[in-house]
Amino acid sequence: MIKSRKVWVGLGAAVLAGTGVGAPAEAQPLARGIEQAAPGEASAARHLVLRVTESHAGHAPAGDGEGEGGGAQLAPDLRLTRDLALISGHLTVGNELVEAGRWSEAMVHFLHPAEELYGGIAGDLKSFGIPPFAAALKVLAQTVKAQKQEAYEGALKTVRERLATADAAVKAKTADWPGLTLDAVLEVLNTAGEEYEAAIEDGKFKLVVEYQDSRGFILQAEQMLAAVAPDLEKKNAGAYAALQRELGELKKAWPHAVAPDKPVLDVSEVLGLIAKAEIEIGKLM
């Protein structure tokens, strides 16, 4: 579990692109950053700030120390969509490791959903009328521990079906699914940045699990955007294309599920690219 930066801090870094995106994201008044941004970027940032504010409406102000599964201040639909995405991200990178024959290394990624995330969404699942799937997660982890390929494939299929059912239930009760997806992608990207930052010490990957977590989250964010691509392209084709370019550059930090000997991109570069992606997301809201 790691500490979370507030979304508006990342936005502050993004709108200050003219003075160097990727500079350390220190808490600054966002309005100041907006004033210094180019007109188009400033408008997008204001829209995004309003969107984030609305998604936090009715909840206590955000605090530090949240990390995966945190964010009690988020609206229930956003919190649930984000956490379902984080679970999927864990499964994605875990599956990559299984396919590479690295069962023991993959194990932690099949434990994290139950240990770090499921407890936080159990109440929301009930509120949205979504069947619980804690038992399915446990069975999946057991098949990984036993390294039983056929049983693993069946268990993974079951969990993915449960996740799809959960997403569909949230979508059915959401007036603006593409907008909610963008909000959730923002949360997932920022979590990926936090995990990547936590993985590196003295210019090397010291916590490989965090590197792998962040890779899974980036891949999941990409899949989420692809699922609503027609809506986003219709709204602002240029911004969507720019967002895809930023994600393409961002993904270079994670060439494989197995961490490279040294980072391809340093932390400031990764956070800078996430900040640029936030700007483009703002234009799509």
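Guide: A search of the whole structure finds 6 aromatic pairs. The rings of F110 and Y152 form an edge-to-face pair, because their centres are 5.7 Å apart and their planes stand at 90°. F110 belongs to helix α5 and Y152 to helix α7, so this pair ties together parts that are 42 residues apart in sequence. Rings of Phe, Tyr and Trp (for Trp, the six-membered ring) are paired if their centres lie within 6.5 Å; planes under 30 degrees apart count as stacked, over 60 as edge-to-face, and the rest as tilted.

The model is a predicted one, in which local features need pLDDT of at least 70 and side-chain atom pairs count only at pLDDT 80 or more, whereas totals for chains, interfaces and linings use all residues. Residues are numbered from 1 along each chain as its sequence is written, and side-chain values use heavy atoms, leaving out hydrogens and water.

F110 counts as buried at 2% relative accessibility, and Y152 has a relative accessible area of 1%.

The part to examine is therefore helix α5, where F110 lies. Helices are DSSP runs of H or I with at least four residues, strands are runs of E with at least two, and both are numbered from the N terminus. Helix α5 covers residues 103–127, and its 25 residues should span 36 Å; the end C-alpha atoms are 35 Å apart, which agrees. The expected span is 1.5 Å times one less than the number of residues. At Y118 the helix bends by about 60°, an angle taken between axes fitted to the seven residues ending there and the seven starting there. Just after α5, G129 takes a positive phi of about 70°.

The buried residues of α5 include W103, M107, H109, P113, Y118 and D124, besides F110. The buried residues of this helix pack against α4 (76–99), α6 (134–146), α7 (149–172) and α9 (208–227); contact means heavy atoms within 4.5 Å.

Of its 285 residues, 53% are buried. Among contacts between residues at least 6 apart in sequence, 69% join residues at least 24 apart. Elsewhere, ring pairs link Y196, F205, Y211 and W254 into a cluster.

Note on methods: Buried < 20%, exposed > 50% of the residue type's maximum accessible area, 1.4 Å probe, protein only.
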